[in-house]
Amino acid sequence: MPTRREVIDRIRRAIAPLYEPREAEQIARRFTFERCSITLTQYVVAPDAQADIPDLEESVRQLAAGRPVQYVLAHTEFCGMTFEVGEGVLIPRPETEELVAAAAAGAVAGAAALDVGTGSGCIAVSLARLIPDARVTAVDLSPQALAVARRNAVRLGAEVRFVQADALAGLHELPDAAFDLIVSNPPYVPQSDRAAMHVNVRDYEPPEALFVPDDDPLRFYRAIGRAARRLLRPDGQLWFEIYERLADETARLLADEGFGDIAVRRDINDKPRILCCTARK
């Protein structure tokens, strides 16, 4: 049986052609620590303890092929909680945690919140946990994503109503003036960027949750913004995660749709990533 150190070294060597050395080390450690149920401190104290990982061979093969470590482990962390993820569900990013924290901080107790394009349910579940007595609805077009989101909500003790709906079709399944805030991380990466993306994203994560046509990259912001004018109560807030290269264009689009108090915030990487605006009635 290999030691913990040997497992990390083996994974790092296997994925070295795909990642920078620092990222390869992080992936190797993350996998090993989780499968061995140990912390960094426990590893430092006993790096040569045996690592009993029954599916090690298959896991190394998958990681070497570029499959994201989150899919191999079947979960990821978001806002201090563990969410189930897998193919067909976008892997939550740290930048989206900032979006959720900002939206929740401005919400009042009992707020009615809508998450558009819920995926794993990470935004909806986090809002339900962060806003006291929140009434949260989450929509997604994908039945597979909704099934995962429902399991996450149940396991994490969050009360969320899930609805299958297409963000591009107007969200007519939802009642008028029903929400105090709408939060969305819609697809925003232009198709022309796809070839330059890392294999673990390009070849494994759902393209419908990532990419938009080059000739209409703001299509989801336009559709959700128009629906939000009907769905938000007076002075309700619309929160978006946005594409940093189109921040100004996104702000102008929402201004043209009648929203006010438009503000763009920078994320942990100093990129314009979060947009908030207010419904004018």
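**Exercise 1. In which loop does Pro186 lie?**

Solution. This is a predicted model, so please read each step below as a description of that prediction.

Step 1: Look between β6 and β7 (189–190), because the loop that joins these strands is where Pro186 lies.

Step 2: The relative accessibility of Pro186 is 5%. Buried means under 20%, so Pro186 counts as buried.

Step 3: List the partners. Leaving aside neighbours within four places in sequence, Pro186 is in contact with Phe220, Tyr221, Ile224, Phe240 and Glu241.

Step 4: Now try a pair of residues. Pro186 and Tyr43 are 143 residues apart in sequence, and their C-alpha atoms are 39 Å apart in space.

**Exercise 2. Find Tyr19 and decide whether it is buried or exposed.**

Solution. 

Step 1: Go to the loop between α1 (4–15) and α2, where Tyr19 is found.

Step 2: Read off its relative accessible area, which is 8%. That is under the 20% limit for buried, so Tyr19 is buried.

Step 3: Find what Tyr19 touches. Not counting residues up to four places away in sequence, these are Ala24, Ile27, Gly66, His198 and Asn200.

Step 4: Pick Gly66 from that set. Tyr19 and Gly66 are separated by 47 residues in sequence, while 9.3 Å lies between their C-alpha atoms.

**Exercise 3. Describe how α6 and α7 pack against each other.**

Solution. 

Step 1: Recall how such a pair is described. Two packed helices are given by the angle between their axes and the distance between the axes.

Step 2: Apply this here. The angle between α6 and α7 is about 35°, and their axes are 10 Å apart. The crossing is right-handed.

Step 3: Name the residues that make the contact. From α6 come Thr96, Leu99, Val100 and Ala104, and from α7 come Ile123, Ser126, Leu127 and Leu130.

Step 4: Sort them by type. Six are nonpolar, two are polar and none is charged.

Step 5: Relate the numbering to the helix. An α-helix has 3.6 residues a turn, so residues three or four places apart point the same way.

**Exercise 4. How many of the nine residues of α7 are buried?**

Solution. 

Step 1: Go through the helix and note the buried residues of α7: Cys122, Ile123, Ala124, Val125, Ser126, Leu127 and Ala128.

Step 2: Draw the conclusion. Seven of the nine residues are buried, so α7 is largely enclosed by the rest of the structure.

Step 3: Take Ser126 of helix α7. Its relative accessibility is 0%, so Ser126 counts as buried. Beyond its neighbours within four places in sequence, Ser126 is in contact with Phe78, Cys79, Met81, Phe83 and Val100.

Step 4: Now turn to Leu130, also placed in helix α7. Leu130 counts as partly exposed because its relative accessibility is 46%. With neighbours within four places in sequence set aside, Leu130 is in contact with Val100 and Ala104.

**Exercise 5. What is the volume of the largest pocket, and which residues are closest to its centre?**

Solution. 

Step 1: Start with the space. The largest pocket has a volume of about 1200 Å³.

Step 2: Turn to the lining, which has 41 residues; the closest to the centre are Arg93, Glu95, Met197, Val201 and Glu205.

Step 3: Find the elements that give two or more residues to this lining: α2 (21–36), α5 (69–73), β1 (75–78), α6 (94–105) and α9 (199–202).

Step 4: Sort the lining by type. The largest pocket has 19 nonpolar, eight polar and 14 charged lining residues.

**Exercise 6. Where is Ala177 found, and what is its phi?**

Solution. 

Step 1: Look in the loop between β5 (160–164) and β6 (179–184), where Ala177 is found.

Step 2: Read its phi, which is near 45°, a positive value in a residue other than glycine.

Step 3: Compare Asp261, which sits in strand β10 (residues 260–266). Asp261 has a positive phi of about 50° although it is not a glycine.

Step 4: Finish with accessibility. Ala177 counts as partly exposed at 39%, and Asp261 counts as exposed at 61%.

Conventions:
Residues numbered from 1 in each chain as written. Predicted model: local features only at pLDDT ≥ 70, side-chain atom pairs only at ≥ 80, totals over all residues. Heavy atoms only, no water. Helix = DSSP H or I, 4+ residues; strand = E, 2+ residues; numbered from the N terminus. Buried < 20%, exposed > 50% of the residue type's maximum accessible area, 1.4 Å probe, protein only. 1 Å grid on protein atoms, 1.4 Å probe; cavity = no way out; pocket = protein on both sides within 12 Å on 5 of 7 lines; lining within 4 Å. Points joined across faces, edges and corners; volume = space filled by probe spheres on them. Nonpolar A, V, L, I, M, F, W, Y, C, P; charged D, E, K, R; others polar. Axes fitted to C-alpha atoms, helices over the stretch in contact; angles between N-to-C directions. Left-handed = near helix turned anticlockwise from the far one by under 90°. Contact = heavy atoms within 4.5 Å.
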